[in-house]
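Visitor: I am new to this structure. Please show me how to read its features.

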Amino acid sequence: MKLVWIIARQELRMQFDSLMAYILLVLFLGFSGIFTWLYGSDIFIYGQASLQVFFSIAYITLFLLIPALTMKSVAEEMRTGTIEMLLTKPVSCWQVLLGKYLSIILLIVFALLLTLPYYISVASLGNVDHGAVICGYLGLLFMSSAYIGIGLFASSLTNNQIISFLLAFAISIFFHIIFGIIGHQFGGIVGQMAIGLDMDSHFESIARGVIDTKDIIYFASLTFAGLFLAERSLASKIA
Amino acid sequence: MDIVIKNLTKLYGAQRAVDNLSFEVKTGEILGFLGPNGAGKTTTMKTIAGYIKPTEGTIRVGRYNVETDADKVKQVIGYLPEHNPLYSDMYVVDYLRYMAQLQLLRADKINDRIYEMVNVCGLEGEKHKRISELSKGYRQRVGLAQALIHDPQVLILDEPTTGLDPNQIIEIRQLIRKIGHEKTIILSSHILAEVEATCDRILIINKGRIVADGTSDQLRKASSGCECVKITVENADRNDVVRVMQNIDTVELIDTMKDNPDSFEIQSKEGESSRRAIFNACVENGWVLTEMTPIETKLEDVFRELTK
């Protein structure tokens, strides 16, 4: 566990050193800020003291940004060979991947903390359902966690960052959009399975303030599956 | 800490990178690992360092088995991989600190160790630079510093002197010699002079198998087998010299040399020496012997012969 933390801290430092973290924070806050407050169907058009608008914008923004955060993590280590340095220390593949996972999820937590002023502003405008806000943030964290898992898996498949980004994007888009479309087009078993895999429905129910074990299991198993496959892929590359 | 390798085999697909390799390295010994490109040197070293898993066979470092006690082994080994991969965005000191932390060094010792490594490896002037700004020689020193940072008992160095200039090569050699007194070291190289200068023992492998094992003197003897001398005689007729020398019992063959008509190469029969007889023959015939030099087999020749 100590090693996981050492790796995570190092990863975070590198993200901030290379400006990557700042660029992503600016993009995330800029994008979600504009569409929450200034443009489109913003909060003032809704006219309700609720962060629903922000949550649905952040839901899309994070989906787009997370592959950019994960693309480098394993691919770059394999391209430069530094993975060999790591794994000949008393460090396992799991510890490397968990460290990287932890660093990215912490960055997301940081990004979400920076949106707390949105919450404070809305709360001062009217009566906010505090439970729903907390659940909304949790939902965003859960979905990020799942996409980080997928992103790390994609990153472990290739030495090329761009391919890794596109792969992560391609896999994520199934959960984000395509399963939903399939689910609504087809009936029967196929449709039901697709709906079950669709992230939208799970996110919606959490963001509305209902935390169901079904949804938690969904996000946890996606995260775990991503990390597990990443570990297998990494272990097979060095065998 | 000694290293025992038994029947190590590593397959890449159908290709045998390492083929039933067995050897031991004693505590405090510096073993030079030689072989042509693709002989299996790097594969063997990566397996000892625990980066890749052997297809068959066992490796023991001290009391620990590389596969079952992987973490313990990694803590006693300092490893410098081929090509020396480094995080080029990091500062030298930060990098060494990260490596020390990954080796689970105690936090209060880390700064001392970094200071010591910077001194030992001559990184004083570069310690606050980014690794990407360093020249190849300094990058190599950083690699060596990270391998030594946790004061390991075993060192695995895969071509530690590639890319260094002659002065740096000598410094690194001296460094290896210095630390080699207490540590067990395996180092690979394709510079034969380097291995000869630094190592107590040489292991030559080819196509994944051991083809020679011993000190450099032993290897030379084993490959040449018989004494060979070059002589130069003045005041003598070429043909007479050849005739007389051929009549000596212990001489196997005599060759004239093209560049100098007074010089000859004389090879003795296996296990025999004819230097005395040659001298006496010259005295008897009144020839002036101006040169008699033993021709040593070079390690290069041994290497070429064994890895053909």
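Visitor: Which residues of H3(B) are buried?

Guide: This is a predicted model. In H3(B), the buried residues are B:Val92, B:Val93, B:Tyr95, B:Leu96, B:Tyr98, B:Met99, B:Ala100, B:Gln101 and B:Leu102.

Visitor: Which helices do the buried residues of H3(B) pack against?

Guide: Helices of both chains. From chain A come helix H1 (2-17) and helix H6 (82-87). From chain B come helix H4 (107-120) and helix H5 (136-148).

Visitor: Is B:Leu104 buried or partly exposed?

Guide: B:Leu104 has a relative accessible area of 36%, so it counts as partly exposed.

Visitor: What is phi of A:Leu19, and where does A:Leu19 lie?

Guide: Phi of A:Leu19 is near 70°, a positive value in a residue other than glycine. A:Leu19 lies in the loop between H1 and helix H2 (20-38) of chain A.

Visitor: How do I read two packed helices?

Guide: Two packed helices are described by the angle between their axes and the distance between the axes. Take helix H7 (residues 93-113) and helix H9 (residues 130-157) of chain A. Their axes come within 10 Å and cross at roughly 145°. The crossing of H7(A) and H9(A) is right-handed.

Visitor: Which residues meet in H7(A) and H9(A)?

Guide: On H7(A), they include A:Leu97, A:Tyr101, A:Ile104 and A:Ile108. On H9(A), they include A:Tyr137, A:Leu140, A:Ser144 and A:Ile148. The residues of this contact divide into 12 nonpolar, 2 polar and 1 charged.

Visitor: Next, a single residue. Where is B:Ser188 found, and what does its side chain contact?

Guide: B:Ser188 is found in strand E8 (residues 184-188) of chain B. Its relative accessibility is 0%, so B:Ser188 counts as buried. The side chain of B:Ser188 makes a polar contact with the side chain of B:Asp158, at 2.7 Å. B:Ser188 also touches other residues, including B:Phe33, B:Lys41, B:Met45 and B:Pro160.

Visitor: What domains does the assignment give for chain B?

Guide: Domain 1 (3-214) and domain 2 (226-296). Taken over C-alpha atoms, 48 Å separate the centres of these domains of chain B.

How values were computed
Residues are numbered from 1 along each chain as its sequence is written. Chains are lettered from A and ligands numbered from 1 in the order in which they are written. This is a predicted model: local features need pLDDT of at least 70, side-chain atom pairs count only at pLDDT 80 or more; totals for chains, interfaces and linings use all residues. Side-chain values use heavy atoms; hydrogens and water are left out. Axes are lines fitted to C-alpha atoms, for helices over the stretch in contact, and angles run from 0 to 180 degrees between N-to-C directions. Helices (H or I, at least four residues) and strands (E, at least two) are DSSP runs, numbered from the N terminus. A crossing is left-handed if the near helix is turned anticlockwise from the far one by less than a right angle, and right-handed if clockwise. Contact means heavy atoms within 4.5 Å. Ala, Val, Leu, Ile, Met, Phe, Trp, Tyr, Cys and Pro count as nonpolar, Asp, Glu, Lys and Arg as charged, and the others, Gly among them, as polar. Buried means under 20% relative accessible area, exposed over 50%, partly exposed in between (1.4 Å probe, protein chains only). A polar contact is a pair of N or O atoms within 3.5 Å; within protein, one must be able to donate a hydrogen and the other to accept it, and residues adjacent in sequence count only if both atoms are side-chain atoms. Domain bounds come from an automatic or database domain assignment. Lists of a residue's contacts leave out its neighbours within four places in sequence.
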